[in-house]
Amino acid sequence: MRRQHHNGFTLIELLVVIAIIAILAAILFPVFARAREKALQSSCSSNLKQIGLGLMMYIQDYDEMLPFGHCSSSTADWAASKYWYNIITPYTKNADIIKCPSDKYTAVGYGWNYPHNPYRASYGGAMSLADLKAPAERLALCDSNAYWVVYCPTHYPNWSDGFCRVTDRHNGGSNVVFWDGHVKWLRQSDLLRSDNQGQILWGHKDP
């Protein structure tokens, strides 16, 4: 008698194929995730470049005075408050660029370097670009979970509740726009340095 040949897969063959697919998926999925985040990081960088351009245009229009991160006509009149993103919108013409594409939770994805100008105008007035001896080394804004960031050489840029901190949402780092308008990605460890270079970056020490 002739043996009848079956063209279908055996159970062992199916299990081997499934195992190979699972291994390939485990290898490729992290690669795809990193590639996707790299694209979001690039989009975020584009946002900050536009914000940096808006800052430069504002500074030129106002005799090289830096805009306020947050100012109010009086300490009690919060309805009259203006934040940095309100101030530069007439220059950028795009209200959406203040949201980082990798941040799904907060309306404003970038934090202002708080020490570079007072919280309110009544606290002493705005700084001028001339006050910054090295604008290309001084951080203006970076990825954050709040609209302004606090830096402390001892405790790093955060509060005990995690508010007002630098985020590492882009592959372990943050996009940063400097006071000359250029944008750079920095590792969070570089942003959180407590040495002189870290203090220069945040404006707590002259270069």
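Reader: In which sense do β3 and β5 run, parallel or antiparallel?
Author: The model is a predicted one. Strands of a sheet pair through backbone hydrogen bonds, in either a parallel or an antiparallel sense. Between β3 and β5 there are 2 bridges, and the sense of this pairing is parallel.

Reader: Which residue is the bridge partner of Trp112 in β5?
Author: Trp112 has a residue opposite it in β4, namely Leu141. In β5, the bridge partner of Trp112 is Trp148.

Reader: How many bridges join β3 to β4?
Author: Strand β3 covers residues 110–113 and strand β4 covers residues 139–143. One of the pairs between them sets Gly111 against Cys142 of β4. The two strands run antiparallel, and the number of bridges joining them is 3.

Reader: Which residue of β6 stands opposite Leu141?
Author: Strand β6, residues 173–178, pairs with β4 in the antiparallel sense over 3 bridges. In β6, the residue opposite Leu141 is Val177.

Reader: What is the order of the strands in the open sheet, and which strands lie at the edges?
Author: The open sheet has 5 strands with mixed pairing, in the order β5-β3-β4-β6-β7. An edge strand here pairs on one side only, and this holds for residues 148–149 and for residues 183–187. The edge strands are therefore β5 and β7.

Reader: How many residues of β4 are buried?
Author: A residue counts as buried when its relative accessible area is under 20%. In the protein chain of 207 residues, buried residues make up 42%. Strand β4 is mostly covered, and its buried residues number 5 of 5.

Reader: What pattern does the protein chain follow along the sequence?
Author: The secondary structure comes to 4 helices and 7 strands. Read along the sequence, these elements give the pattern α-β-β-α-β-β-β-β-β-α-α.

Reader: How far apart in space are Ser42 and Asn175?
Author: In sequence, Ser42 and Asn175 are 133 residues apart. From C-alpha to C-alpha, the distance between Ser42 and Asn175 is 9.2 Å.

Reader: Which residues form the nonpolar patch on the surface, and what is their accessible area together?
Author: One of its members, Leu14, is found in helix α1. With a relative accessible area of 40%, Leu14 is partly exposed. The patch is formed by Leu11, Leu14, Leu15 and Ile18, and their accessible area together is about 410 Å².

Reader: Which element supplies the largest share of the lining of the largest pocket?
Author: The space in the largest pocket is about 180 Å³. Its lining includes His182, Lys184, Asp190 and Arg193. At least two lining residues come from β7, and at least two from α4 (196–202). The largest share, 3 residues, comes from α4.

Methods. Residues numbered from 1 in each chain as written. Predicted model: local features only at pLDDT ≥ 70, side-chain atom pairs only at ≥ 80, totals over all residues. Heavy atoms only, no water. Patch = residues over 30% accessible without salt bridge, like charges linked within 9 Å, V, L, I, M, F, W, Y side chains within 5 Å. Areas by Shrake-Rupley, 256 points an atom, 1.4 Å probe, with all protein chains shown as cover. Salt bridge = Lys/Arg side-chain N within 4 Å of Asp/Glu carboxyl O. Buried < 20%, exposed > 50% of the residue type's maximum accessible area, 1.4 Å probe, protein only. 1 Å grid on protein atoms, 1.4 Å probe; cavity = no way out; pocket = protein on both sides within 12 Å on 5 of 7 lines; lining within 4 Å. Points joined across faces, edges and corners; volume = space filled by probe spheres on them.
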